[in-house]
Amino acid sequence: MITFDRVSFSYGSRPVLNGMSFSIEETERVAILGGSGEGKTTILKLILGLLKPDSGRIWIDGIDITEKKEEELREIRTKFSIVFQEGALFDSLTVKENVAFPLREYTQMSEEEIDQKVRELLRRVGLEEAIDLMPEELSGGMHRRVAIMRSLAAFEPRMFLYDEPTSGLDPVNANIICELILNLSSKGTGFIVVTHKVFDAFKLADRFMFLKSGTILLDGDRERILQSDLSEIKIFLKELHFPQFQGGTRNV
Ligand SMILES: Nc1ncnc2c1ncn2[C@@H]1O[C@H](COP(=O)(O)OP(=O)(O)OP(=O)(O)O)[C@@H](O)[C@H]1O
Ligand SMILES: [Mg+2]
């Protein structure tokens with residue numbers, strides 16, 4: 001369980017989160033929605049202890065991580081598989097070396113075991129053939145699939161964190177990534193997906209948290225988003241060119 005208790009955070013003088021509170025169970029499938037700069041990526045970094053709140057507390061599985069030191073945070077981080085928004089792969093390493101990286105870093109596997117594990121992970125996403133390619137030789141969709149498999153190579157995560165996993169992808173590749181995310185969670189491992197793409201969020205999540213001005217404007221299921229009278233949410237849906245979702249009750 002992830003709990004934010006009245007968390008505030010600023011980058012210097014720029015306030016981002018303003019006394020935010022919520023709890024997320026590790027089996028939940030949550031989408032964090034909101035416009036650019038609303039603090040979505042910041043929330044993921046706070047969960048991992050990469051940033052510290054200015055005030056408030058953050059709890060992970062009953063442990064208050066707010067004051068934890070780097071060594072203690074490393075263990076907390078192994079609970080999560082994280083795919084960051086940009087720079088997901090190391091440009092100078094092949095696909096194989098990218099996926100092998102966490103195995104070399106966190107496990108005692110032999111070269112042969114690493115090779116087998118990397119091939120198995122790539123096979124699961126139909127990319128074994130791409131093992132010797134460089135990241136620049138991959139399409140956007142392939143790049144994301146490799147990054148997702150690398151994120152879970154070394155640990156069995158308790159929860160997946162995805163930052164804009166479908167941004168910049170065409171609808172076919174975005175759908176492949178959504179299917180992969182759902183597949184990886186099919187045994188009940190939850191995820192938090194940060195996105196500004198409502199359409200993808202609806203494919204993936206059961207719970208939606210909508211951020212605005214450092215607070216959670218709305219936290220609820222799909223119907224609550226679709227039926228919301230809040231102008232910020234209506235505009236958000238409209239801007240994404242899904243006019244059929246505006247304030248309606250249409251099922252998707
Ligand atoms: N390292 C930083 N130093 C200063 N300001 C930052 C830093 N990182 C983010 N910010 C600012 O904090 C705000 C929140 O950033 P954050 O990256 O969390 O937004 P976001 O919701 O993920 O946006 P996007 O949808 O564009 O990815 C933004 O205004 C951003 O410019
Ligand atoms: Mg972001």
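Strand 3 (residues 29-33) and strand 8 (residues 190-195) run parallel and pair over five bridges. Pairing here requires at least two bridges between two strands, as found by DSSP. Strands are DSSP runs of E with at least two residues; helices are runs of H or I with at least four; both are numbered from the N terminus. A31 has V193 of strand 8 as its bridge partner. This is a predicted model, in which local features need pLDDT of at least 70, side-chain atom pairs count only at pLDDT 80 or more, and totals for chains, interfaces and linings use all residues. Residues are numbered from 1 along each chain as its sequence is written, while chains are lettered from A and ligands numbered from 1 in the order in which they are written.

V30 stands opposite R207 of strand 9. Strand 3 is mostly covered, with four of its five residues buried. A residue is buried if 20 or more other C-beta atoms lie within 10 Å of its own, exposed if 12 or fewer, and partly exposed in between, with C-beta atoms placed from the backbone.

Strand 9 leads on to strand 10 (residues 215-220). These two strands run antiparallel and are joined by five bridges. K212 is the bridge partner of T215 in strand 10. The two strands form a hairpin with two residues between them. In the turn, S213 has a positive phi of about 50°. In general, strands of a sheet pair through backbone hydrogen bonds, either parallel or antiparallel.

Is D206 buried or exposed? D206 is exposed, because 11 other C-beta atoms lie within 10 Å. Leaving aside residues up to four places away in sequence, D206 touches R29 and D221. Contact means that the C-beta atoms of two residues, placed from the backbone, lie within 7 Å. D206 and E28 are 178 residues apart along the chain, yet their C-alpha atoms are separated by 7.7 Å.

Four strands form an open sheet in the order 2-1-4-5, with antiparallel pairing. Strand 2 and strand 5 (63-64) stand at the edges, each with a single partner strand, so one side of each has no neighbour in the sheet. Inside the order, strand 1 (residues 2-11) pairs with strand 4 (residues 55-60) over five bridges, in the antiparallel sense. S8 stands opposite S55 of strand 4. Helix 1 lies across strand 1, strand 2 and strand 4. The helix runs at about 120° to strand 1; axes are lines fitted to C-alpha atoms, for helices over the stretch in contact, and angles run from 0 to 180 degrees between N-to-C directions.

Which residues come nearest to ligand 1? Of the 13 residues around ligand 1, these are Y11, S36, G37, T41 and T42. A residue counts as near if its C-beta atom, placed from the backbone, lies within 6 Å. Strand 2 (14-24) and helix 1 (40-47) each supply at least two residues of this shell. Helix 1 gives the largest share, three residues. By class, the shell has two nonpolar, eight polar and three charged residues. Ala, Val, Leu, Ile, Met, Phe, Trp, Tyr, Cys and Pro count as nonpolar, Asp, Glu, Lys and Arg as charged, and the others, Gly among them, as polar.

Helix 3 (residues 95-106) has its own buried residues: V95, N98, V99 and A100. Their cover includes helix 4 (111-124) and helix 5 (140-151). The loop between strand 6 (80-83) and helix 3 holds A88. A88 is partly exposed, because 19 other C-beta atoms lie within 10 Å. Not counting residues up to four places away in sequence, A88 touches V83, H143, R144 and A147. The C-alpha atoms of A88 and F210, 122 residues apart along the chain, are separated by 25 Å.

Finally, the whole chain. The protein chain has nine helices and 10 strands. Of its 252 residues, 36% count as buried. Residues 24 or more positions apart account for 63% of the contacts with a separation of 6 or more. The C-alpha atoms fill a box of roughly 55 × 45 × 35 Å along the principal axes. A compact globule of 252 residues would have a radius of gyration near 18 Å, and the chain's 19 Å agrees. That radius is taken over C-alpha atoms, and the globule rule is 2.2 Å times the number of residues to the power 0.38.
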